[in-house]
Amino acid sequence: MLAALLGSITDTRRAGAVALLWLLVLTVLNVQTAGSLRLTVLFAIPVAIVSWSSWRLGFLFAALSVIAAKFGGAMPEPGSTSPLWLDGMLVFIKLSIDAVVVNAWGRRHRRLAAASGDA
């Protein structure tokens, strides 16, 4: 079911628009609430949407998500003793792993759909 939903909204242009809108709304909400929306999964959703069909866009949106978190006030965590660049790099690595996994899942799903279409 989730694969079908991702398949329907992951046309490259549509996915990019949805992901940009998601990041914009999340950034505005973070600015208004002083960065209270800090969950990584909220920033991973647009990465997953675009990386379903393109791993390159997944990496791009991983970087955009880190920048949106910084400007929205969600980074650094309160009381964090590590430097900001290290926190940003760790979040980028997490989101990049998400992009790779979702892209592999999408590729497998498209390959299975093509194989069942040929039969």
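Which pattern does the protein follow, read along the sequence? The answer is α-α-α-α-α. This is a predicted model, in which local features need pLDDT of at least 70, side-chain atom pairs count only at pLDDT 80 or more, and totals for chains, interfaces and linings use all residues. Residues are numbered from 1 along each chain as its sequence is written, and side-chain values use heavy atoms, leaving out hydrogens and water.

**View 1. The overall fold has 5 helices and 0 strands.** Helices (H or I, at least four residues) and strands (E, at least two) are DSSP runs, numbered from the N terminus. Of the 119 residues, 34% are buried (under 20% relative accessible area; exposed is over 50%, partly exposed in between; 1.4 Å probe, protein chains only).

**View 2. The largest nonpolar core has 20 residues.** Phe43, Val47, Phe61 and Leu95 have the most contacts inside this core. At least two residues come from each of α2 (12-32), α3 (40-51), α4 (55-72) and α5, and α3 gives the most, with 6 residues. Such a core is a set of buried Ala, Val, Leu, Ile, Met, Phe, Trp, Tyr and Cys residues joined through side-chain atoms within 4.5 Å.

**View 3. Trp85, Leu86, Met89, Leu90, Ile93, Ile97 and Val101 make a nonpolar surface patch of about 690 Å².** Patch residues have over 30% relative accessible area and no salt bridge, with nonpolar side chains (Val, Leu, Ile, Met, Phe, Trp, Tyr) joined within 5 Å and like charges within 9 Å. A salt bridge puts a side-chain nitrogen of Lys or Arg within 4 Å of a carboxyl oxygen of Asp or Glu. Areas come from the Shrake-Rupley method with a 1.4 Å probe; for residues, only the protein chains shown count as cover. Ile93 lies in helix α5 and is partly exposed, at 42% relative accessibility.

**View 4. Arg107, Arg108, Arg110 and Arg111 gather in a surface patch of positive charge.** Lys and Arg count as positive, Asp and Glu as negative, with His and the chain ends not counted; each charge is placed at NZ of Lys, CZ of Arg, CG of Asp or CD of Glu. Arg108 belongs to helix α5 (residues 84-118) and is partly exposed, with a relative accessible area of 47%.
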